[in-house]
Amino acid sequence: MEKDNAELSQDIEYQLLMTSLNASVSKHLLDEHFTLVTANSRYYEMFGYKKEEYEKLYHNRPDLFYKNDPDDWHELSQIVMDTIQQGKNRYDAIVRMRHKNGQRLWIKVVGNFTDEYVNGYRISYSVMMDVSELMQNKIEKETTENNFPGLIAKYKITQDGLEFLDGNYRFRDFFRQHLSIHLNDMSKENGLEEVADNYSKLRQGESFIFNISPYDAYNEQKYLTVSAQCIDKDKDDPIYLLLFSDITELTLQKQQLQQYNQSLHKLAFSDEVTKGYNRRKFDLVAGDAVRSHKPGTYAMVWLNLQKFKIVNEIAGIEAGDIALKYIYRQLREHLDEDEYVARLFSDNFVILIKTDGEKSIEERLNQCIQDINSYNDKEEYKYYLTFMAGIYLINEPDISVTYMQDRAHAAIKSSNDQNSDLCIMSYYNEAIRIKMLDEKDIENRMREALKNDEFEVYLQPKYSLKKKTILGAEALVRWNHPQRGFLPPSEFIPIFETNGFIIQLDLYVFEKVCECLKRWQDEGKEMLTISINMSRSHFSKNGFLDEYVRIKNKYGISAKYLEIELTETLVFENPEIFINIIQKIHKEGFSCSMDDFGSGYSTLNTLKDLDVDTIKLDKAFFSSEKMENNRENIIIGSVLDMAKSLDMETVAEGIETMEQVDFLSQTSCDLVQGYVFSKPLPILSFEKLWFEQNKKITIDS
């Protein structure tokens with residue numbers, strides 16, 4: 001409870017700080033509009049708007065806000081673009097922005113780029129302050145100083161203090177009754193400590209410059225730079241001409257900027273949910289700690305909360321954030337000095353922990369997880385928070401903290417070393433290292449491999465049970481690695497789906513298929529439809545089909561010979577998006593099939609909402625090679641009949657036995673795909689099978 005109050009107090013202090021500084025804090029996407037995500041009330045007040053009015057007029061798009069000042073928008077955009085191109089994460093500048101009343105303000109803006117992404121765009125935090133008055137005063141001050149004298153005074157430097165001799169009216173008006181001052185009265189409290197510190201120089205007649213911060217006649221503290229020039233002597237007492245430059249506004253601005261920097265430091269290095277360290281801060285302190293201790297002192301732990309989405313879905317995002325804060329506090333309480341924890345993203349935490357061996361780590365983690373779940377002790381219906389932990393024992397302190405985290409994360413995916421009811425722990429080992437090196441080699445070579453045509457398109461026939469002939473094919477890809485030979489898709493496709501390269505590979509396969517169809521067309525051969533898999537990565541942008549249409553048009557191929565295969569899991573992730581995708585595919589003339597139907601998510605009820613042309617029954621339907629499971633057979637037949645009633649073509653994939661073929665021949669199934677007829681073949685071998693054998697396949701019973 002004390003920590004909750006402390007965090008609440010920090011939040012209140014932060015808001016009070018921003019309010020007292022009269023500062024705007026806002027969050028933006030780094031897209032072409034610099035789209036506003038969220039902002040405090042000062043953001044709108046600064047320009048004379050209410051939040052609702054601003055959103056209605058400008059739709060949270062700063063580029064629309066600048067529509068009447070394109071040069072000012074270009075200047076700000078250029079600052080942001082230059083910062084990105086220079087690989088920097090922070091910029092600060094003074095720019096012009098227009099108030100609702102038409103006045104062009106001077107705005108000090110400090111932007112900080114984060115590692116957070118929303119809809120594919122990086123997040124930037126901006127802190128802004130209206131410095132129009134300061135800038136105007138600065139301009140006026142410079143004009144005044146260039147044309148009129150400021151504060152000027154003449155003093156005799158005696159043994160006892162400064163004796164006032166003369167001064168202009170500005171000086172007299174500033175100091176009023178405090179023109180002469182005794183040496184004993186020069187202190188930090190009245191801002192004259194530098195005079196006392198340099199008094200020996202003054203007594204010796206040296207010329208120099210120093211700063212003072214006295215209080216004026218209105219008891220307001222000012223900041224002045226004093227240029228002291230000895231111009232005469234009265235016996236042993238030097239006489240000085242003192243020229244005063246008022247730097248109050250610039251000093252206060254500097255102090256405010258220092259406060260801004262402290263605020264930005266908090267934004268840059270604290271997690272917005274837990275208020276603790278974020279990844280950037282963790283990497284800094286963890287790196288220093290590891291490098292300052294001998295190898296083997298620390299372990300890096302990647303801790304993942306299991307099934308956290310359920311908490312968000314059932315209780316809401318706010319409750320989910322409360323849970324993450326609670327977990328962070330519990331983890332922090334279990335750490336000693338020189339041990340650190342941070343939330344990386346979502347429900348993933350990383351911990352740098354000292355170790356006396358694997359047993360000590362396991363005992364500490366288990367105790368920590370048990371304490372996290374202690375809220376269940378008095379609950380009748382218990383909901384336990386369970387975790388997976390990947391552990392890397394740090395014996396190479398010179399590698400980057402990111403690599404250490406990667407190794408701990410990789411351990412989560414390995415076989416389990418230690419288990420408990422609440423936490424599954426796995427350690428990074430040599431086998432994982434080799435796997436990571438293989439994956440890194442794949443990533444390093446993938447672009448060159450695509451350029452060198454190392455990826456080869458194979459076609460697997462689709463055999464018509466009614467016409468006893470090949471009526472279609474599915475395009476698959478193999479990698480003919482120059483050193484490792486042919487790699488199966490399972491070794492590289494998951495990696496490409498993670499890093500996004502799958503988009504380029506899908507388009508490569510599609511173009512090779514169009515190239516093949518074009519050749520058949522030019523040679524006057526009979527055409528058939530080829531299906532091509534499309535990864536879900538394509539759907540992150542609206543124009544995901546544009547490149548497919550461009551390639552099709554390039555080769556002059558009719559879209560009716562091209563079928564786009566989508567995986568069934570997408571239906572359950574977002575049915576509305578899936579339906580919209582199918583509509584776009586049909587609009588461009590392509591047919592559409594749903595792959596892997598029945599692999600774990602599908603129900604018969606889903607068929608009524610799907611406007612696909614073809615469903616492919618997953619091999620999971622055919623667990624019985626000899627079709628001896630009558631209940632299974634009934635389900636298969638029902639699915640096929642229902643699809644036929646909905647005017648959908650059906651393909652049974654993964655068929656490997658003649659018993660399965662014989663069974664399907666008695667159903668409404670249209671096509672069969674599987675090793676019982678043919679494995680995937682290189683294009684030329686497929687052509688030989690199709691063309692030279694009169695499109696007939698002889699099956700040995």
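A residue is called buried when its relative accessible area is under 20%, exposed when over 50% and partly exposed in between, with a 1.4 Å probe and protein chains only. By that definition glutamine 405, with a relative accessible area of 0%, is buried. The model is predicted, so local features need pLDDT of at least 70 and side-chain atom pairs count only at pLDDT 80 or more, while totals for chains, interfaces and linings use all residues. Residues are numbered from 1 along each chain as its sequence is written, and side-chain values use heavy atoms, leaving out hydrogens and water.

**Helices H11 and H15**

- Helix H11 (residues 279-291) packs with helix H15 (residues 401-412) at an angle of about 100 degrees, their axes being 9 Å apart.
- That angle makes H11 roughly perpendicular to H15, a term that covers 65 to 115 degrees.
- Arg279, Phe282, Asp283, Ala286, Gly287 and Val290 in H11 meet Val401, Thr402, Met404 and Gln405 in H15, contact meaning heavy atoms within 4.5 Å.

**Glutamine 405**

- Glutamine 405 is found in helix H15, and its side chain makes a polar contact (2.8 Å) with the side chain of aspartate 283; such a contact is a pair of N or O atoms within 3.5 Å, where within protein one must be able to donate a hydrogen and the other to accept it, and residues adjacent in sequence count only if both atoms are side-chain atoms.
- Leaving aside neighbours within four places in sequence, the contacts of glutamine 405 include Met300, Trp302, Leu344 and Val350.

**Positive phi**

- Methionine 627, whose phi is near 55 degrees, is buried at 9% relative accessibility.
- Aspartate 647, with a positive phi of about 65 degrees, is exposed at 69% relative accessibility.

Note on methods
Axes are lines fitted to C-alpha atoms, for helices over the stretch in contact, and angles run from 0 to 180 degrees between N-to-C directions. Helices (H or I, at least four residues) and strands (E, at least two) are DSSP runs, numbered from the N terminus. Angles under 35 degrees count as roughly parallel, over 145 as roughly antiparallel, 65 to 115 as roughly perpendicular and the rest as oblique.
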